[in-house]
Protein chains: 2
Amino acid sequence: MQENLKYDIPKNLRKKITESNVVGPTSAYAYGHIQANLVIIDKSYAFDFLSYSMLNPSPCPILEVLDPGNPFPVKSATNSDIRYDLGKYLIFQNGKSKVVENIKDYWTKSKVTFLIGCLFSMQKHFEESGIIINHLNENKIDPTYISNIPTNSFGIFDGPMIVSMWPIHKNYITKAIAISSKLPSVHGKPIHIGDPGFIGIDDIENPDYGDIIKLKSDEIPVFWGCGITPQLIAQQKNIDMITHHPGNMYITDLKTNEMEII
Amino acid sequence: MQENLKYDIPKNLRKKITESNVVGPTSAYAYGHIQANLVIIDKSYAFDFLSYSMLNPSPCPILEVLDPGNPFPVKSATNSDIRYDLGKYLIFQNGKSKVVENIKDYWTKSKVTFLIGCLFSMQKHFEESGIIINHLNENKIDPTYISNIPTNSFGIFDGPMIVSMWPIHKNYITKAIAISSKLPSVHGKPIHIGDPGFIGIDDIENPDYGDIIKLKSDEIPVFWGCGITPQLIAQQKNIDMITHHPGNMYITDLKTNEMEII
């Protein structure tokens with residue numbers, strides 16, 4: 001793990017990412033700050049997508065919605081341009097996707113940007129409570145699966161929930177629930193604990209996205225809703241959408257502490 | 001207070017309201033259930049209004065959004081028709097408003113319904129914790145004021161926050177904060193405590209809406225965001241909107257207990 005990036009401030013990290021001095025998944029960056037999934041769609045879909053997100057706060061907790069055509073976050077960061085400040089983007093068009101490093105050629109006045117909380121934001125809270133996060137120690141990103149849990153549909157938006165899995169030591173399950181429940185803006189409490197088969201995951205060592213993290217004998221798989229759920233909808237429903245590339249999140253200025261409820 | 005209505009179940013109360021066997025403010029009805037503010041607007045405004053609400057969770061905590069043209073709540077109630085199940089509605093058109101008993105003549109396929117949590121939903125929690133609610137004991141509704149607190153704008157939606165005031169005994173302020181903080185879906189924690197002048201209220205005994213409730217010498221005025229905030233915007237911005245009549249809320253099947261966070 002690169003300690004200097006772990007403790008670097010968001011503003012600097014975004015600059016390094018924009019200038020391509022730093023690449024790769026952001027999992028270990030900007031410890032204690034909120035990281036975000038990105039969804040950009042045409043304003044004709046904006047009401048339906050926002051309603052869909054509100055019906056599905058586990059995979060799609062909305063941090064910020066920008067005015068149509070505005071690429072500059074207001075609440076989440078200052079001096080930031082959403083078109084350049086992520087390491088890698090995915091362009092979904094005509095049912096296909098491709099990877100790009102910025103989205104200036106895809107931006108139009110009708111694009112609406114949604115920032116959706118990411119589970120990485122909880123890592124500092126977990127570690128400070130004694131919970132070991134394997135993917136951080138192994139320099140990986142967490143494994144992600146297409147579950148059999150249906151999301152609540154709104155308009156065209158509909159599909160299975162994608163879930164992230166973090167192995168948690170059996171003695172720390174209650175603590176993981178307590179910490180994450182206080183952070184609904186970055187996925188909140190787990191959606192399932194214990195049995196991958198129960199939510200349609202046949203092989204825990206064969207994730208649909210992310211890296212393989214092997215469960216140790218004293219660890220339980222804990223699952224949270226994942227903010228790449230909309231990406232699968234873009235593919236399945238053939239909706240034009242711009243998103244972050246899985247693991248390459250938008251790093252906000254917000255501190256995770258500030259987002260705790262109660 | 002009519003005890004039979006206080007403990008009647010939502011389904012029965014909605015029927016009595018629809019059949020006009022019960023009229024007047026719902027403050028004392030369906031104890032322990034969630035009551036809701038109503039906003040219905042054309043779908044062309046729906047994205048902006050939903051984004052505005054998310055930026056202003058204190059006055060506008062969204063409970064449910066219905067598909068365009070659908071008047072039947074899904075999450076909040078069963079066997080209910082939003083066009084008939086409130087006692088009195090306000091129709092805002094061309095900058096003017098009028099009172100009607102149902103909205104069947106105003107319904108179109110492009111109408112989008114938003115249900116917004118109401119502070120009345122907390123009354124049972126407060127009373128069971130020993131907090132006396134004056135407006136209930138006096139058979140009134142709570143006083144409501146146009147404050148000087150600006151809301152966060154989105155698109156055309158912008159204006160001052162309307163706030164409700166409940167006088168709370170000085171020994172129970174902390175308890176009132178603790179209880180309400182756990183119920184963000186019905187306005188959550190207070191927006192201000194103590195000094196009406198600080199939020200632009202010159203005369204606490206001259207509310208803009210609702211009844212006058214006199215503060216006793218051992219009571220502190222506590223203010224929460226209020227769900228009639230959008231009604232003032234409809235007037236000021238000349239937006240066609242259908243709402244509940246202040247105090248005549250939509251009674252849902254949801255129990256307040258179920259909406260507690262953590």
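Predicted model: local features only at pLDDT ≥ 70, side-chain atom pairs only at ≥ 80, totals over all residues.
Which residue takes a positive phi just after H2(A)?

**Stop 1: chain A as a whole**

Along the principal axes, the C-alpha atoms of chain A fill a box of roughly 50 × 40 × 35 Å.

Now colour chain A by burial. Of its 262 residues, 47% count as buried. If you draw the contacts in chain A between residues at least 6 apart in sequence, 78% of them join residues at least 24 apart.

**Stop 2: helix H2 of chain A**

Select residues 10-18 of chain A, which form helix H2. Show the side chains of Pro10(A), Leu13(A), Arg14(A) and Ile17(A): these are the buried residues of the helix. Turn the view until you look down the axis of H2(A). The buried residues fall within an arc of 100°, so they line one face of the helix.

Next, select Ser20(A), which answers the opening question: just after H2(A), this residue takes a positive phi of about 60°.

**Stop 3: where chain A touches chain B**

Bring chain B into view and select the residues in contact across the two chains. Eleven residues of chain A meet twelve residues of chain B. On the chain A side, the elements that give two or more residues are helix H3 (46-55) and strand E2 (62-65). H3(A) gives the most, with five residues. By class, the chain A side divides into eight nonpolar, two polar and one charged.

**Stop 4: the H3 pair**

Hide everything but H3(A) and helix H3 of chain B, residues 46-55. How do the two helices meet, and at what angle do the axes cross? The axes come within 8 Å and cross at roughly 35°. The crossing of H3(A) and H3(B) is left-handed.

Then show side chains on both helices. From H3(A), the contact is made by Ala46(A), Phe47(A), Leu50(A) and Ser51(A). From H3(B), Ala46(B), Phe47(B), Leu50(B) and Ser51(B) take part. Coloured by class, the contact of H3(A) with H3(B) has six nonpolar residues, two polar residues and no charged ones.

Conventions: Residues numbered from 1 in each chain as written. Chains lettered and ligands numbered in written order. Contact = placed C-beta atoms within 7 Å. Helix = DSSP H or I, 4+ residues; strand = E, 2+ residues; numbered from the N terminus. Nonpolar A, V, L, I, M, F, W, Y, C, P; charged D, E, K, R; others polar. Buried ≥ 20, exposed ≤ 12 C-beta atoms within 10 Å, placed from the backbone. Arc of directions from axis to C-beta. Axes fitted to C-alpha atoms, helices over the stretch in contact; angles between N-to-C directions. Left-handed = near helix turned anticlockwise from the far one by under 90°.
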